[in-house]
Amino acid sequence: MNRFLDLADFERDEIVALLDLARRLEARPEPHALAGKILGLLFFNPSLRTLASFQAGMARLGGTSFVITPGQGSYLMETRLGAVMNGAAAEHVREGIPVLASYCDALGIRAFGEARSLADDLGETSFKAMTALLDKPLINLESAANHPCQALADWKTLDDYAVPRGGRFVLSWAYHPRALPLAVPAAATHMAAMRGMEVIVLRPEGFGLPAPLLEKARRAAAASGGSVRETADRDDALAGAHVVYAKEWGSTAHYGDPEADARLRAALTGWCVRESWFARAAPDCRLMHCLPVRRNTAVADEVLDGPRSVVQREAQNRMIAQMAVLYRLLKGA
Ligand code: CP
C-alpha cells in the first residue's frame with residue numbers, strides 16, 4: 001500500500017484485513033514498529049481529532065511526526081496553478097509540498113477544497129493537483145469529497161458494537177448555521193455501502209447527495225450485498241434503524257452559493273437529532289457523528305449524553321485505525 005486516499009481504491013477484503021490489523025495493534029501494541037520513521041502532516045484547514053490522533057498514533061508505533069499549518073508559524077501557501085503571487089501567500093504548494101516530502105517518509109494532507117464548483121470538488125481538482133507533486137506514501141486527511149480515515153474508524157466502530165452487517169444505516173442531514181463540506185457524508189455513505197449495509201440518506205429537499213457519489217456507493221453496495229437510497233421521509237428512514245449517523249452538509253442544489261444555501265437552511269433548524277427520533281428505531285440503535293458537533297443545534301444533549309451515543313469511540317478509533325494505515329504504508333505487511 002502506497003496511498004490511502006479513498007476506501008473505493010481497495011477491495012472490501014483489503015479493508016477488512018486493515019481493520020484486523022487495527023484490532024491486532026489495539027490488543028498487542030508494537031511500540032517500536034515504526035522506529036526511525038517520520039510522518040509529515042500538512043493542514044490547510046483546522047482539526048482536533050485528525051491532528052492529534054495521527055501524532056499520537058505515530059508516537060505509539062515508535063515513529064515521530066511534524067505538523068505544518070500554512071499561515072500559522074509558516075508561510076501562507078498558494079494552491080492555485082498559474083497564480084500571480086503578489087498577495088499574502090509567499091510559498092506555492094509546487095515548491096512547499098515536495099520540500100516537506102523530502103523530510104519525511106509519508107505525508108498526510110488536509111485540504112477541504114474551495115466549495116465553489118461542485119464539479120471541481122467532486123473531481124478533487126485541488127487535492128489531486130497537490131498529490132501529483134508527491135512520490136511518497138500519502139494519506140488523505142480530508143479532501144473536498146472524501147475522509148477515508150474517518151470512514152475506516154467508523155467501520156471499526158460499527159464492528160466494535162456488533163452492528164449487523166446488513167443493518168439499516170441512516171445518514172441523516174443535521175442542521176448547522178452554515179454549509180459544511182461533503183467529505184464525511186460521502187465517505188460514510190460509501191463505507192456503510194461497502195460494509196454491506198442498507199444505507200438510507202435522509203435529507204431535506206435541496207440537500208440530496210450528488211449523483212456521482214450515490215452511484216459510486218451503489219457500486220460498492222452491489223458488490224457487498226448492501227443497498228443505497230435517499231429519502232426526505234424521516235419516519236420511513238428511521239423505522240428499524242440500527243445506526244443514525246448525523247452529519248451537517250451544504251445544499252447541493254445551491255453549491256457554492258452561501259446566500260441561497262442560508263435561505264434554504266433557515267427553515268431547517270428542526271433537523272436537530274433528538275431522542276424522539278429513535279421511537280421506531282431498533283432498541284439499541286446507535287448515534288454516530290464524526291465530531292466536532294454543535295450541541296442542541298445538530299444533535300441534542302439528551303442523545304449525545306445518552307447510552308446510544310458512540311461518538312467518543314469513533315474518535316478513539318481514529319487513532320487505532322490510522323495506526324493500521326501507517327503500519328501498512330511504512331512497514332508493509
Ligand atoms: N472528524 C474529524 O476529522 O475531526 P477533526 O476535524 O477535528 O480532525
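This section describes the domains, sheets and nonpolar cores of a predicted model.

The chain is divided into two domains. Domain 1 takes in residues 3-147 together with 318-330, and domain 2 takes in residues 162-309. The centres of domain 1 and domain 2, taken over C-alpha atoms, are separated by 25 Å. Contact between them involves 21 residues of domain 1 and 21 residues of domain 2.

Strand E2 (residues 38-43) and strand E3 (residues 64-68) run parallel and are joined by five bridges. Within this pair, Ile38 stands opposite Thr64 in E3. From E2 the chain passes through helix H2 (residues 49-60) to reach E3, in a β-α-β crossover that is right-handed. Strand E6 (residues 106-110) and strand E7 (residues 138-142) also run parallel, with four bridges between them. Here Gly108 stands opposite Ile139 in E7.

A further open sheet of five strands has the order E10-E9-E8-E11-E12, again with parallel pairing. Strand E10 (227-231) and strand E12 (286-288) each have a single partner strand, so one side of each is left without a neighbour in the sheet. On average, neighbouring strands of this sheet are turned by 20° against each other, direction ignored.

Strand E8 (residues 168-173) pairs with strand E9 (residues 198-202) in the parallel sense over five bridges. Along this pair, Arg168 stands opposite Glu198 in E9, and Val170 stands opposite Ile200 in E9. Helix H7 (residues 183-195) packs on the sheet, where it touches E8, E9, E10 and strand E11 (243-247). The direction of H7 makes about 170° with that of E8. Together, E8, H7 and E9 make a right-handed β-α-β unit.

Strand E9 is also joined to E10 by five bridges, and these two strands run parallel. The bridge partner of Leu202 in E10 is Thr231. Helix H8 (residues 211-224) lies across E9 and E10, running at about 145° to E10. E9, H8 and E10 make a right-handed β-α-β unit. E9 is mostly covered, as four of its five residues are buried.

Thr189 lies in helix H7. Its relative accessible area is 1%, under the 20% limit, so Thr189 counts as buried. Leaving aside residues up to four places away in sequence, Thr189 touches Leu171, Val199, Val201, Leu209, Ala217 and Val228.

The largest nonpolar core has 90 residues. Those with the most contacts inside it are Phe4, Ile139, Phe169, Tyr245, Phe278 and Leu287. Helix H12 (residues 311-330) supplies the largest share of this core, 12 residues. At least three residues of the core come from each of domain 1 and domain 2. A second, separate core has 15 residues, including Met77, Leu100, Cys104 and Leu134.

Not counting residues up to four places away in sequence, Phe4 touches Phe10, Leu18, Leu138, Ile139, Asn140, Pro148, Cys149, Leu152 and Val325. One of these partners, Pro148, lies in helix H6 (residues 148-160). Pro148 has a relative accessible area of 0%, and is therefore buried. With the same exclusion of residues up to four places away in sequence, Pro148 touches Phe4, Leu5, Asp6, Leu7 and Asn140. Pro148 and Leu5 are 143 residues apart in sequence, and 6.4 Å separate them in space, C-alpha to C-alpha.

Conventions. Residues are numbered from 1 along each chain as its sequence is written. This is a predicted model: local features need pLDDT of at least 70, side-chain atom pairs count only at pLDDT 80 or more; totals for chains, interfaces and linings use all residues. Side-chain values use heavy atoms; hydrogens and water are left out. A nonpolar core is a set of buried Ala, Val, Leu, Ile, Met, Phe, Trp, Tyr and Cys residues joined through side-chain atoms within 4.5 Å. Buried means under 20% relative accessible area, exposed over 50%, partly exposed in between (1.4 Å probe, protein chains only). Domain bounds come from an automatic or database domain assignment. Contact means heavy atoms within 4.5 Å. Two strands pair if DSSP finds at least two bridges between them. Axes are lines fitted to C-alpha atoms, for helices over the stretch in contact, and angles run from 0 to 180 degrees between N-to-C directions. A crossover is right-handed if, with the strands pointing away from the viewer, the path from the first strand over the helix to the second runs clockwise.
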